[in-house]
Amino acid sequence: SVLDSQSQQSGPCHGLEGEWTPAEQALIVEAGRLAPILKDRAREAEKLRRIPDATEADFRDAGFYRIYQPAKFGGLEMRYGLHTMLAAQAARGCGSSGWVLSVTACHSWILGMFEEQAQADIWDTDPLARIASSFLAVNATAEPVDGGVRLNGLWRFSSNVLHCGAIILQIMVPQKTDENAPPLKQYFALLTRDQYEIEDNWDVIGLAATGSNDVVVKDVFVPTHRLLDIMTTRDGASPGASAHAHPLFRMPLFGPFAHTLIGAALGSALGALEHITDDLGSKRSVANVKLAEHPAIQMRIGEATAQINAAFALMAVDRAEINRLDDANTLPDYETRAKWRLNTGYAAKLCVQAMEHLLPVTGGRGLELANPVQRAWRDVHAVAQHIALTWDLQSSTYGAVRLGGRAFDPRL
């Protein structure tokens, strides 16, 4: 089938010619090899509301989660955006699996920006440790105390948390030392598995198998070395930037961050297109018309293909710029960061538009839960719902910056 053969060919899931090292390209091919396997597991995954243990083991054993882990702790320190391509390959079979792959992989990158002792707390014990995150706190408090902070509260939407042994939480800490400082300062806090509870409550219509559950923290002390001032990640000045030689850890975190999310939409849309084109040859309408010969079907396939290819190409151009600046140890200017946000948002929009062209091609068959196209339609829409990809927010942010204003997100 197309899905089986695509990973062995050149194509949008492989990036620009010459972009990847042989080791990076081998990982992309491996993710493509897994795509049909993930497709076969997708219904089971949705019933579980998380990726199956076998999929988690496949990702771990392939080394996907170590691509951005610092070399000092046994990681691979590969080029930024590889997680996007791995996710896109995996998402051709299962969008939720692609999402989990890239999101979990990026957390090693974030942990690499913490103080080295915090990294050692996790990776000295288990070099293969997987890390979850949550950036959305609900009724949470972070009380400054001697030597750190004391946390209480609920954090939402922590993808793949059931398979992880630690978590990075975004917290707001009251500031009492500087009258001119904002009343709340943003930090990441690193917690180990014994410091939080998981509420297994992820029950949604899109990205349904990502296991993006809530976590509860009750009266937990987090020492200072496990706190990361988020604004230092904006300026390439995090503790990890000086602890590690690789430019990955000097990169401004929230400028290119949405590349972590977009791969699942890219791959899901491409997988739906592949499934439909592979399937159409044998399909006829109730009027006994061969569907592949119908001009309306052909036009939908053509437009969806152009939209998906454009989304992949846009991400490839930005990815090249991100890595070129990073290799040169040059921080991107404010407008460039806003442009990256704009383009990832537009890529998500293109994927949504492609799915709106593709789903009607499946007719009544496309409503069956066994049909992978309806799942891809749900998953692409779910990806595009993320605040880092929502088109209105990304376009207005770029417009504001282009016209001399400031972004809505101070972390940019």
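Is Phe135 buried, partly exposed or exposed, and what is its relative accessible area? Select Phe135: at a relative accessible area of 25%, this residue is partly exposed (buried is under 20%, exposed over 50%, partly exposed in between; 1.4 Å probe, protein chains only).

The model is predicted, with pLDDT of at least 70 required for local features and 80 or more for side-chain atom pairs, while totals for chains, interfaces and linings use all residues. Numbering runs from 1 along each chain as its sequence is written, and side-chain values use heavy atoms, without hydrogens and water.

Phe257 is buried, at 9%.

Move to Arg411. Its charged end sits over the ring of Phe254, 3.9 Å from the centre (CZ of Arg or NZ of Lys within 6 Å of the ring centre and within 35 degrees of the ring normal). Arg406 lies over the face of Tyr334, at 4.1 Å from the ring centre.

Last, select Phe59 and Tyr65. Their ring centres are 6.3 Å apart and the planes stand at 90 degrees, so this pair is edge-to-face. Phe59 is buried at 0% relative accessible area. Tyr65 is also buried, at 6%. The count of aromatic pairs comes to 12.

Note on methods: Rings of Phe, Tyr and Trp (its six-membered ring) pair if their centres lie within 6.5 Å; planes under 30 degrees apart count as stacked, over 60 as edge-to-face and the rest as tilted.
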